[in-house]
Amino acid sequence: MKLKIAVLAGDGIGPEIVAQALDVTKAVCQKFGHTLEYKSALVGACAIDAVGDPYPGETHALCMESDAVLFGAIGSPKYDNNPSAKVRPEQGLLAMRQKLGLYANIRPVTTFPSLIHQSPLRAELVEGADFMCIRELTGGIYFGRPQGRSEDGQTAYDTCVYTVMEIERIVRLAYDYAMKRSKRLCIVDKANVLCTSRLWRQVSQQLEKEYPEVATEYMFVDNAAMQIVRGPKHFDVIVTENMFGDILTDEASVITGSLGMLPSASIGVHTSVFEPIHGSYPQAAGKDIANPLATILSAALMFEYAFDLPKEGKAIRDAVAAGMAAGIVTEDIAEGKKAYKTSEVGQWIVKSITN
Ligand code: IPM
Ligand code: MN
């Protein structure tokens, strides 16, 4: 098969972790006889610095003509502490999601045997936890208008907007995943307070009738935040709106043991994007210490979701598990033992796939 991918490394640790995921991708292609064609493009702070736009037209054109996008991370402290900056790196990521129509962000949360004791949660609570968070990605308060400041600067506002169409397509997708898994769906909202959440519930209750085999549960987001760490094994598929999903998945990473472990797939209308859920970790940039596994596991999702090549995805997962079992891990999950460099972890996985 011929695989054409766009590589958007972004800022901070992005280039280092993406370099490893790209090497792993090349190794898998070589092993399974696929031809890989890839091109890189700018996104985020580095794109602002170079061309004044965090998601340049050229980058979008490359994404559109590719079969998948491998994405690193964006964000820079240069902009974080500057509330008056006119363009922010994050706008690049949001523009990409919107222009590619990536309305569903799939974030699988699983555990790894060698990491069970790394979680701040008790081992018996997390062992065997395996759920999937489906986050709506192109609506809600991230994109609602109006958004801004009053003229006197004394008031600021964001608007949360959802249409029936937006809710229906994401909840339907979640039901379809629930059907393929343990047939349990938890719909998370704040229907006791928010109007948009009440629309979510109304639309969901209609869809529920079409999936009688699925056990549907509705949960307020504050309660869900507690239940996810109190008993993660309770969950199978969780679906929620954009901002709740952003927050709950960072929280869910403590189940796995490190934010550096969680991959994601963003799918929708155009080319799908595969990216770790963590940020650009600027303090670690250029030091070769960041955990590349979330990005490498995102490459596994790319083979599975974008190319329908499950064996290739599994080869990556197996190599990642083997590396972890052998203790070839970065400092965030080294548990006081020897910590390996980003590149050492990546190249160990490359070798393990090649051999
Ligand atoms: C994520 C990130 C982004 C988000 C930021 C960088 C805009 O936190 O992908 O979860 O909030 O969606
Ligand atoms: Mn986030």
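## Model and conventions

This is a predicted model, in which local features need pLDDT of at least 70 and side-chain atom pairs count only at pLDDT 80 or more, while totals for chains, interfaces and linings use all residues. Residues are numbered from 1 along each chain as its sequence is written, chains are lettered from A and ligands numbered from 1 in the order in which they are written, and side-chain values use heavy atoms, with hydrogens and water left out.

## Helices α1 and α13

Helix α1 (residues 14-32) packs against α13 at about 5 degrees, the axes being 9 Å apart. The two are therefore roughly parallel (an angle under 35 degrees). Contact (heavy atoms within 4.5 Å) involves, on α1, E16, I17, Q20, D23, V24, A27, V28 and K31, and on α13, T342, S343, G346, Q347, I349, V350, I353 and T354. By class, seven of these residues are nonpolar, six polar and three charged (Ala, Val, Leu, Ile, Met, Phe, Trp, Tyr, Cys and Pro are nonpolar; Asp, Glu, Lys and Arg are charged; the others, Gly among them, are polar).

## Helices α7 and α8

The axes of α7 (residues 164-180) and α8 (residues 195-208) come within 9 Å and cross at roughly 50 degrees. Among the residues in contact are I167 and Y175 of α7 and W200 and L207 of α8.

K337 sits in the loop between α12 (310-325) and α13 (342-354). With 61% relative accessibility, K337 is exposed (over 50%). Its C-alpha atom lies 8.3 Å from that of G327, 10 residues away along the chain.

Conventions
Helices (H or I, at least four residues) and strands (E, at least two) are DSSP runs, numbered from the N terminus. Buried means under 20% relative accessible area, exposed over 50%, partly exposed in between (1.4 Å probe, protein chains only). Axes are lines fitted to C-alpha atoms, for helices over the stretch in contact, and angles run from 0 to 180 degrees between N-to-C directions. Angles under 35 degrees count as roughly parallel, over 145 as roughly antiparallel, 65 to 115 as roughly perpendicular and the rest as oblique.
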